[in-house]
Amino acid sequence: MKLYTVPVAPNPTKVMLYLAERAEAGNALPVEQKIVNTLKGRQREAEHLARNPFGTLPVLELDDGSYLRESLAIVDYLESRYPDGALAPSDAEARAKARDLERIIELKIANPLAIYVHYKKSPLGMPPDPVQAAAIEEKIQAPLDFVEETLGDGRELLAGDSVSTADLTLASHLQFVRFIGVDILGERPRLRAWDNRYRARPAAKAVLQC
Ligand SMILES: N[C@@H](CCC(=O)N[C@@H](CS)C(=O)NCC(=O)O)C(=O)O
């Protein structure tokens with residue numbers, strides 16, 4: 001299998017973190033990583049559009065030559081195909097709660113942040129929009145507070161004491177924000193401590209560039 005990806009971009013980073021976490025746990029998956037240079041616009045060239053008409057990354061090419069074009073679907077596929085050492089808990093309640101938190105983080109924090117970075121200081125050269133950026137900053141405060149409260153029971157990582165897609169989603173988007181020199185965590189000591197703990201993990205050190 002081949003993963004078409006690019007460092008620092010958040011959704012590709014989510015899958016790269018997933019692969020690194022599996023490798024660090026002794027379950028390296030047979031996925032070859034191929035960089036598509038978004039700074040040179042390669043994701044909009046015919047070669048990549050043939051893989052993904054939406055011109056985005058990541059894309060996973062399966063052994064039969066077909067493609068998956070959504071980061072969470074890619075992670076879910078790899079979890080099901082290689083269940084030994086899968087990150088998702090086997091207990092139904094713990095599994096649902098980890099997914100619940102991941103969805104809240106992706107939909108209410110990560111997706112707005114991915115747009116925010118471009119309004120603030122786009123690495124792809126899009127024009128800044130301070131009004132839209134400020135509106136997103138305001139919108140993400142309540143979900144960030146929710147994550148801060150969730151960490152109040154002393155858990156090590158976002159969905160408990162073992163790593164989950166919630167950690168991968170938030171860590172990859174925080175990297176994207178750090179990349180443009182912005183800190184959006186505010187006065188949230190538990191979230192800051194989690195951020196430091198997650199970034200100290202070997203998988204994070206292997207993948208995250210800032
Ligand atoms: N929902 C998709 C989002 C994919 C996406 O928007 N990828 C961004 C990088 S994080 C991208 O390829 N941007 C380049 C572009 O839109 O030209 C996923 O989770 O995989």
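**View 1. Overall fold of the predicted model.** Read along the sequence, the pattern is β-α-β-α-β-β-α-α-α-α-α-α-α. The protein has 9 helices and 4 strands, where helices (H or I, at least four residues) and strands (E, at least two) are DSSP runs numbered from the N terminus. This is a predicted model, in which local features need pLDDT of at least 70 and side-chain atom pairs count only at pLDDT 80 or more, while totals for chains, interfaces and linings use all residues. Residues are numbered from 1 along each chain as its sequence is written.

View 2. Strand S1 (residues 2-5) and strand S2 (residues 32-35) run parallel and are joined by 4 bridges; strands pair if DSSP finds at least two bridges between them. Within this pairing, Leu3 stands opposite Gln33 in S2. In a regular strand, side chains alternate between the two faces of the sheet.

**View 3. Residues around the ligand.** The shell holds 13 residues, and Ala9, Asn11, Thr56, Leu57 and Ser71 come nearest; a residue is near if its C-beta atom, placed from the backbone, lies within 6 Å of the molecule. Helix H1 (residues 10-24) gives the most to this shell, with 3 residues.

**View 4. Extent of the C-alpha trace.** Along its principal axes the trace spans about 45 × 45 × 25 Å. The radius of gyration, taken over C-alpha atoms, is 17 Å, which agrees with the value near 17 Å for a compact globule of 210 residues; the globule rule is 2.2 Å times the number of residues to the power 0.38.
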